[in-house]
Amino acid sequence: MASGGLTCVKYITFFCNLLFALTGLLIFLVGGMVQLNYAHYSNFVSDHIWTAPIILMIVGAAVAIICFLGCCGALKESSCMILSFAILAVVIFLFEIGLSIAGYIKHSDLPHLMETQYNMTMKHYKEREDYRDAWTLLQTELDCCGTYGPADWETIFPNKTLPAACCTIINLNEAKECTVVHAAQEGCLKRLLSILDSKTLILAGVVLAVAGIQLLTILFACCLYRSFRRSYDHV
């Protein structure tokens, strides 16, 4: 029979595993919400950055599955299952740290990467319907026009007109089409960057909280594994 100390560590580990599972669910939900709410802006962000929400969802699901090992190992007092959980949890933890570092590095390049995407989609605006739809949605939702302002559209619309989405309201007594006079003056690059920056701060806070819980769980799992091994050695 397990000692009182071993029983205490066992149930603390089980509780921490539940928290670990919740962190996996949280990571999955964060990735899902980003994918759901901002997927229509994917044309303006490079593909290798936009895969981040999908990776978060995969990591979250993996964490939830791994926790099954930890919970079963704690309740059944199985040192093998606890060791397997600890190893897999460390791998996931290191992967999350690596992902966070890569995200931080890529974040500094985000304005340049987005500017490239903006210029590319604007250049092929008339040729591709999906780019036209993306720009219409972007300019309508964010109340902006062009990359840096309405002047960016001059090479695409040489007759001085602008996409209708640039103008929230057009005074028909002054003009029948959207022009610089009636267009939103702020560029869409600045608007979208400010949104992504605000979400990045929230995501960074979530990552720190999740990492703390996961590290605590790994430490308790290692303590429980040592306790199980000592208990078996004494038998």
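## Charges over rings

Start with Arg-128, which lies over the face of Tyr-131, 4.1 Å from the ring centre. A charge counts as over a ring if NZ of Lys or CZ of Arg is within 6 Å of the ring centre and within 35 degrees of the ring normal. Lys-126 also lies over a ring face, that of Phe-157, at 5.1 Å from the ring centre.

## What the model is

This is a predicted model, where local features need pLDDT of at least 70, side-chain atom pairs count only at pLDDT 80 or more, and totals for chains, interfaces and linings use all residues. Residues are numbered from 1 along each chain as its sequence is written, and side-chain values use heavy atoms, leaving out hydrogens and water.

## Rings meeting rings

Searching the whole structure turns up seven aromatic pairs. Rings of Phe, Tyr and Trp (its six-membered ring) pair if their centres lie within 6.5 Å; planes under 30 degrees apart are stacked, over 60 edge-to-face, and the rest tilted. Take Tyr-118 and Trp-135: their ring centres are 5.4 Å apart and their planes sit at 85°, so this pair is edge-to-face.

Both of these residues, Tyr-118 and Trp-135, are buried (under 20% relative accessible area, with exposed over 50% and partly exposed in between, using a 1.4 Å probe and protein chains only). Trp-135 also pairs edge-to-face with Trp-153, at 5.1 Å centre to centre and 75° between the planes. Trp-153 is buried too, with a relative accessible area of 0%.

## The cluster

Which residues do ring pairs link into a cluster? They are Phe-44, Tyr-118, Tyr-125, Trp-135, Trp-153 and Phe-157.
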